[in-house]
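Here are my notes on the model, point by point. Please read them with the structure open.

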Amino acid sequence: MTLQIESFQEYKKVYKESVEKPEKFWAAQARTFTWMKKWDKVLEWNFKKPDIKWFIGGKLNITENCLDRHLKSRGKQTALIWEPNDPSRPYQSYTYQELYEEVCRFANALKSNGIKKGDRVCFYMPMVPELAIGILACARIGAIHSVVFAGFSANALADRIKDASCKMVVCSDYNSRGAKNIPVKEIVDEALNQGCKSVETVIVHKNTGGAVKMKKNRDKWWHDVLKGQKKECKPAKMDSEDILFILYTSGSTGTPKGVVHTCGGYMVYTCFTFKNVFQYKKGDVYWCTADIGWITGHSYIVYGPLLAGATTIMFEGVPTYPDPGRFWHVCEKHRVNQFYTAPTAIRALMAQGDQWPGHYDLSSIKVLGSVGEPINSEAWHWYDEKIGKGKSPIVDTWWQTETGGILISPLPGLHKLKPCYAQLPMPGIQPCLVDAEGKEIKKKEAEGLLCIKFPWPSMIRTTYGDHERCRQVYFSTFENLYFTGDGARRDKDGHYRIIGRVDDVINVSGHRIGTAEVENAINEHAQVIESAVVGFPHDIKGQGIYAYIITDGPVADKEVFKKEVNAVVTEVIGPIAKPDRIQIVAGLPKTRSGKIMRRILRKVAAGEADQIGDVSTLLNPEVVDSLKEGQKEAL
Ligand code: WT7
């Protein structure tokens, strides 16, 4: 069984061992899994190229470890509970035996539809059990899944399908989220009309049963492809370093990149961190409210919990539907023991008043988790008092799509908590702070750029189809270090507090949005000449999107213009990237070499223009005053 650390003393000891002898430590963890062939060598790495390999020569199938391995001991135990958007509908649950059978049936259906090892399959679906079943079925036969969050637009979906040249798309008819009903299949059709030549088949899961158009010879129903499929499917023999999945994420520049995770290391690390960060005990019911369209859902709804033999909840809805008590109702109903959500949700629910959690019995909760963005002190204390009743430790987990699993987090009940700090590294993780020149800051109490010195099993291997980009973004800023893009502070005891992104990435409600992407979208509006996008503090979302726009001639109706800009951003990226505020400007502050001074734009957007300081070196210092003026009237 995977090691579960039980005291702070043990943590310190294990951490020390894991850093002194990392290969020995991870080999011991890896041995607790089922391998078809044992690895020959634990690790080879080179951060310059980068070239990172774990459990070299090992053969395995992650689904054999998520499912088959548990059948004897917990075949009848619930593996997955699905809670629908509409609370009046019954929830569904699958035992490990049932989930195993469903995965095998769909794996066989994939094979019957021409999917082979190494093929890419795109999933564009709401939070229904078929999404979890679908990705596990891919992993079963060695196909690579690429899940695209169902809130992205047809355009964004098409880009991702093309980048990975997916052979198949799996979707649903509609997505019911809160009071909304989103025509998912129609969006897929629209995406496929944008030249996604690689797609041969579309499999449509009937979710709401609403009307959809099916294209002959291309589109098939989920329930039809399953007909006659066997409940058994031999797991494909995968190399440790074969690709398990691709997941797209935004960066400071260019289009989203496909982060690649591989089979062996990802399996070992997600299981290990799940068991330790949540202190999951047999029989517990665990709920992570994330969407499987993001890494949190991959690692801590599906893979981590199932690898650990846990009972994991999948929730289709939103925190405020039908009312702001929904999360707490679900916690009471399923007697949730570990609850994992994002600060933005906590803040949104906190704003609705204490009466909502007050209506429900939350006594089953043992551990609370937070992820995606820094948690502010007010939200931390509300979460602690109103949800945890002061008795459930909060784990503020820091990690990224690229890291595959949690890297810095307290261990609940073991670490003495320090509010708003992600605190200490997981075993095997060697963080450091560097200054702008890339020099490591050795002093304990310090602030700097957060980097990781040594590889860990679930780290990014490449960006799909563009290895140079992976090198450039993560490994070229500082020699021999993985650069996270985050700034952090470290206290005298070595505890880390994550401050936030230091690059041109905005964290909106825990979702990563690249400023360049939003600018490109805004620039598609016919009247826009140039735009610059920055983040600004937002009470609920953490950060909001603030767009400065130079228009061709005066804007006749500002409200109409704002609607049009929102519409174009929604079309190009999706509603999550809509600017919260728009300021029409005559010019943007630029350096003499023509670079936009985003620092100034951030200060103006935050209403902190008094902190801008000297602007005399700008090419056009005169614009700053007009920017400050205009900020008050931003749309
Ligand atoms: C970025 C990664 C990893 C799951 C969800 C987001 C920010 C993440 C925390 C935290 C402060 C956090 C960082 C990071 N972030 N967790 N506990 N405290 N900031 O994944 O979309 O890849 O975004 O989210 O800025 O770099 P992601």
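**Notes on the predicted model**

1. Lys 24 is exposed, with a relative accessible area of 61%. The cut-offs are under 20% for buried, over 50% for exposed and partly exposed in between, with a 1.4 Å probe and protein chains only. Lys 24 sits in helix H2 (residues 22-30). Helices (H or I, at least four residues) and strands (E, at least two) are DSSP runs, numbered from the N terminus. From Lys 24 to Trp 222 the C-alpha distance is 45 Å, across 198 residues in sequence.

2. On conventions: this is a predicted model, where local features need pLDDT of at least 70, side-chain atom pairs count only at pLDDT 80 or more, and totals for chains, interfaces and linings use all residues. Residues are numbered from 1 along each chain as its sequence is written, and side-chain values use heavy atoms, with hydrogens and water left out.

3. The ligand has 17 residues around it, and Asp 396, Thr 397, Thr 401, Asp 486 and Arg 501 come nearest. To be near, a residue needs a heavy atom within 4 Å. The shell splits into six nonpolar, six polar and five charged residues. Here Ala, Val, Leu, Ile, Met, Phe, Trp, Tyr, Cys and Pro count as nonpolar, Asp, Glu, Lys and Arg as charged, and the others, Gly among them, as polar.

4. A polar side-chain atom of Asp 486 lies 2.6 Å from a ligand oxygen. For the side chain of Arg 501, an N or O atom is 2.8 Å from an oxygen of the ligand. Gly 372 uses a backbone N or O atom, 3.2 Å from a ligand nitrogen. The protein covers 96% of the 560 Å² of accessible area that the ligand has on its own. That area comes from the Shrake-Rupley method with a 1.4 Å probe; for residues, only the protein chains shown count as cover.

5. Thr 270 belongs to helix H9 (residues 263-277). Thr 270 counts as buried, at 0% relative accessibility. Its side chain reaches the backbone oxygen of Met 267 at 3.5 Å. Beyond four places in sequence, Thr 270 touches residues including Tyr 300, Tyr 303 and Gly 404. Contact means heavy atoms within 4.5 Å.

6. Helix H16 (residues 515-522) is largely enclosed by the rest of the structure, because seven of its eight residues are buried. Among the buried ones are Glu 517 and Glu 519. The elements they pack against include strand E28 (528-538) and helix H17 (558-572).

7. Now the backbone. Most residues other than glycine have a negative phi, and most peptide bonds are trans. The bond from Lys 49 to Pro 50 is cis, with omega near -15°. Pro 50 lies in the loop between strand E1 (41-46) and strand E2 (51-56). The bond from Tyr 321 to Pro 322 is also cis, with omega near -5°. Gln 423 is not a glycine, yet its phi is positive, near 70°. Gln 423 is buried, with a relative accessible area of 1%.

Note on methods
Polar contact = N/O pair within 3.5 Å; in protein donor to acceptor, adjacent residues only side chain to side chain.
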